[in-house]
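Here are my notes from a first pass through the model. Have it open beside you as you read.

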Amino acid sequence: MINRRKFLQLSAITAPLIAAKKSLANGLEGTIKPIVVSTWDSGMAVNAEAWKILSKKGRALDAVEAGAMQIENLINCCVGLGGYPDRDGIVTLDSCIMDEHANCGAVAGIERIKHPVSVARKVMEKTPHVILVGAGAQQFAVENGFTLESGELSEDAKKAYAEWLKTSEYKPVINIENKKTNGPFAPNFFQDGTANHDTMGLVAMDSMSNLSGAVTTSGMAFKLHGRVGDSPIIGAGLFVDNEIGAATSSGTGEEVIRICGTHLVVEFMRQGLSPEMACKKAVQRIVKRDPAKAKTLQVGFLALNKKGQYGAYAIQKGFVFSVKSGNENKIHESKFLI
Ligand code: SD4
């Protein structure tokens with residue numbers, strides 16, 4: 001007969017074995033966490049902010065919000081209020097956030113609010129809704145203590161808008177960060193040399209293996225007033241499934257919305273594809289629909305799975321992303337299709 005002491009000894013030996021077997025069965029051995037991945041090279045500073053939370057065993061949701069706020073805070077940055085306006089000269093911001101329970105919130109076309117990502121979080125936590133738009137989103141923000149800012153364009157944005165008004169042509173600029181090719185429409189570079197983009201998407205996994213993501217943007221420069229891109233649309237600009245992984249996107253939002261881009265990426269990962277292959281298949285879906293048009297635009301997807309593996313893929317050369325974990329802190333170039 002097995003006595004109590006023997007039973008305890010046996011359990012002490014078998015419990016870790018069972019746990020190890022379970023994690024092998026899940027395929028999660030060797031998981032890298034915490035980890036945060038962000039679009040573009042400006043993601044380095046965003047990741048650093050998120051890392052302050054992740055490295056202290058904080059929640060991925062708090063980390064992605066803090067990361068997005070970092071870039072929204074910059075005065076001459078394309079992402080927040082310093083971003084480029086729409087064709088009427090008004091800066092309108094889109095943002096969303098999603099956590100490990102599929103809770104999500106978003107704001108679209110919000111004006112004069114510095115931290116749309118935090119308003120998105122409030123929509124998620126304080127309302128039964130997912131998306132608030134325009135004046136309603138702004139009203140909700142003010143009612144929840146957010147300050148109504150002046151709405152004046154940044155110096156960069158004023159110059160670019162004046163330049164754009166000369167032709168008033170709507171032409172989304174591929175890899176708008178590239179100063180050499182994009183001339184007056186290229187935004188500034190930050191002091192650390194990283195480029196200044198109009199969208200920041202980031203996804204993170206915390207030390208509890210929980211995933212979250214956030215996106216914040218001023219959207220496509222010189223868009224029609226009222227236009228909403230992919231960034232605040234759950235399943236387009238951001239999707240998180242805590243069983244599988246998370247994905248975000250950057251580029252021409254209309255193309256991402258058409259294929260429910262980030263949801264598609266996560267579903268490809270569910271089928272067993274690596275993050276990079278999942279992003280590639282989503283990019284192929286866009287290109288296949290209209291190959292000629294695809295040559296004229298850029299879309300990049302960035303994904304992270306439950307093992308802490310990440311990958312990206314873009315239509316064109318030039319999409320870069322930033323990674324921060326215990327193992328690395330660097331900018332990667334995405335592979336591309338065309
Ligand atoms: C949009 N996807 O508004 C955004 C723009 C973007 O890098 O990502 N630019 O369509």
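1. A quick word on burial, since it comes up throughout: buried means under 20% relative accessible area, exposed over 50%, and partly exposed in between, using a 1.4 Å probe with protein chains only as cover. By that rule W40 counts as buried, because its relative accessibility is 5%. Its phi is near 65°, a positive value in a residue other than glycine. W40 sits in the loop between β1 and α2 (43-54); helices (H or I, at least four residues) and strands (E, at least two) are DSSP runs, numbered from the N terminus.

2. Before going on, the ground rules. This is a predicted model, in which local features need pLDDT of at least 70 and side-chain atom pairs count only at pLDDT 80 or more, while totals for chains, interfaces and linings use all residues. Residues are numbered from 1 along each chain as its sequence is written, and side-chain values use heavy atoms, with hydrogens and water left out.

3. Which way does the peptide bond from K33 to P34 go, cis or trans? It is cis, with omega near -5°. P34 belongs to the loop between α1 (4-26) and β1 (35-39).

4. Have a look at the loop between β6 and β7, where F222 is found. F222 isn't a glycine, yet it has a positive phi of about 65°. It is also buried, because its relative accessible area is 6%. V228 lies in the loop between β6 (211-217) and β7 (238-241) too, but V228 is partly exposed, at 30% relative accessible area. V228 and S218 are 10 residues apart in sequence and 9.9 Å apart in space, C-alpha to C-alpha.

5. V133 lies in strand β4 (residues 131-133) and is exposed, with a relative accessible area of 52%.

6. Last, the second largest pocket, with a volume of about 260 Å³. Of its 14 lining residues, the closest to the centre are I75, L81, G82, E149 and E152. A pocket here is an open set of points on a 1 Å grid where a 1.4 Å probe fits, with protein on both sides within 12 Å along at least five of seven lines; lining residues have an atom within 4 Å of a point. By class, the lining has five nonpolar, five polar and four charged residues, with Gly counted as polar.

Note on methods. Points joined across faces, edges and corners; volume = space filled by probe spheres on them.
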